[in-house]
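Subject: Structure handover

Hello,

Here is the structure I promised to pass on. Please open it alongside this message, and my notes follow below.

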Amino acid sequence: MSLTPYQIVAPVISILALVYAWSLVLKQKKTIWEAVLWTLFWAAIAAIALFPQVLDYLAFVMGFKDRQNALLITFLGVISFIVFGLIVRVEELEQRQTKIVRSSALREAGLQEKKQE
Amino acid sequence: MRVVAVIPAYNEEKRIPSVIRRAQQYVESVIVVDDGSTDGTARKVQELGALLIQHGENCGAGAATMTGIEAARRLGADVVVTLDADEQHDPNDIPLLLKPLEEERADIVFANRFGPFGFAQGKRRNHIPFVRRLFNAVGNLVTFAVTGRWVNDSQCGFKAFGPRALREVQIRMSGYEFCTEIVRETVRHRWRAAEVPIKVLYSEYTLAKGQSFANGVKTALKILLRSFLR
């Protein structure tokens, strides 16, 4: 079985992403449940890369005429995912602003954090 | 055990005095986080002798709750009880929430508006409007989907944090999503959780102040996305 570069790169990236996700679980930054969601997502990416015929089944199930259409829809999904990612980044900026408002409120109430000596 | 009540408030000058007065009967001190109110909320809080912390602008219920929790930590509290400022929660239920913590059965106690409350002989259920029940059911399902943990009333703001939970809790979400984040924290830190049925007082005012359907959908999407992209 000869593999295309994409069929090698995609599973490698998936494995790295999974190792990273589960390392966050060990550091208690991610819950097991979230890591399971990540595992399903990256496993699907790797599976589609290694077994493109999966898309034929997807096309059949979703009523698309051919594999190319299914691929297009899949990429639209990925792009939506990226857009939502950007929304989350914007929210993170809002969070930073909130953090400033919160620490200033605590300072004004005379409850500033004691510095460790 | 030093118990502190944390009340996030936004434009609640009419309701907050009675909440503070009743809460003061059960806790050592009351912290009110005024989340950028434009009415007389801050003045009422000061008149009643509660500790006032003011956000310069409206940041959301989650941010206000976390500010209150942080203040309680810095004041050396052992236990924090969070409750809404709109009279929806009855401060007389605070001892019920504290009981599992006093008996060292739990690190966090969730109030449950949907369970039967009262004494064994006369247990009653709250009359909660159908739309509210539906919203809460969706909130519970979303919370379960992202945390893997079922809590009967995950979206209720009435909670008690024991010493361990108080030390470890870190809320990053500013809006109403914080309730789901607290369930996530429960899973992440492996806290022991208890649920206590409480009575709830819905009025036209509290119903009008609640989340709209569009807000609920937005909140659910945010929670799902955040849990996936975190």
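Which residues of the largest nonpolar core touch the most other members? They are B:Ala5, B:Val30, B:Ile31, B:Val32 and B:Val81, out of 65 residues in that core. Helix 3 of chain B, residues 61-74, gives the most to this core, with seven residues. Please keep in mind throughout that this is a predicted model.

Setting aside neighbours within four places in sequence, B:Val30 is in contact with B:Ala5, B:Ile7, B:Ile20, B:Ala23, B:Gln24, B:Ala50 and B:Leu51. One of these partners, B:Ala5, is also among the core residues named above.

**Chain A**

Chain A has four helices and zero strands. From the N terminus, the order reads α-α-α-α. The radius of gyration is 21 Å, whereas the globule rule gives 13 Å for 117 residues, so chain A is more spread out than a compact globule. Its C-alpha trace spans about 65 × 30 × 25 Å along the principal axes. Buried residues account for 12% of the 117 residues in chain A. Take the contacts in chain A between residues at least 6 apart in sequence: 38% of them join residues at least 24 apart.

Now look at helix 1 (residues 5-26) and helix 2 (residues 32-50) of chain A. Their axes come within 8 Å and cross at roughly 175°. An angle over 145° counts as roughly antiparallel, which means that helix 1 of chain A is roughly antiparallel to helix 2 of chain A. On the helix 1 side, the residues that meet helix 2 include A:Tyr6, A:Ala10, A:Leu18, A:Trp22 and A:Val25. On the helix 2 side, they include A:Ile32, A:Trp38, A:Trp42, A:Ile45 and A:Leu50. The residues of this contact divide into 17 nonpolar, three polar and no charged.

**Where the chains meet**

How many residues does each chain bring to the contact? Chain A brings 20 residues and chain B brings 26 residues. On the chain A side, helix 2 and helix 4 (67-108) each supply at least two residues. Helix 4 of chain A gives the most to that side, with twelve residues. The chain A side divides into nine nonpolar, six polar and five charged residues.

**Three loop residues in chain B**

B:Asp39 sits in the loop between strand 2 (29-35) and helix 2 (41-47) of chain B. Leaving out neighbours within four places in sequence, B:Asp39 is in contact with B:Asn11 and B:Glu13. B:Asp39 and B:Glu13 are 26 residues apart along the chain, and their C-alpha atoms are separated by 6.6 Å. B:Asp39 is partly exposed, with 13 other C-beta atoms within 10 Å.

B:Glu87 is in the loop between strand 4 (79-82) and helix 4 (94-102) of chain B. Its phi is near 70°, a positive value in a residue other than glycine. Is B:Glu87 buried or exposed? B:Glu87 has 20 other C-beta atoms within 10 Å, so it counts as buried.

B:Arg190 lies in the loop between helix 7 (178-188) and strand 7 (193-197) of chain B. B:Arg190 is not a glycine either, and has a positive phi of about 55°. B:Arg190 counts as exposed because it has 10 C-beta neighbours inside 10 Å.

Best wishes

Technical notes:
Residues numbered from 1 in each chain as written. Chains lettered and ligands numbered in written order. Predicted model: local features only at pLDDT ≥ 70, side-chain atom pairs only at ≥ 80, totals over all residues. Axes fitted to C-alpha atoms, helices over the stretch in contact; angles between N-to-C directions. Parallel < 35°, antiparallel > 145°, perpendicular 65-115°, else oblique. Contact = placed C-beta atoms within 7 Å. Nonpolar A, V, L, I, M, F, W, Y, C, P; charged D, E, K, R; others polar. Rg over C-alpha atoms; globule rule 2.2 N^0.38 Å. Core = buried A, V, L, I, M, F, W, Y, C linked by C-beta atoms within 7 Å.
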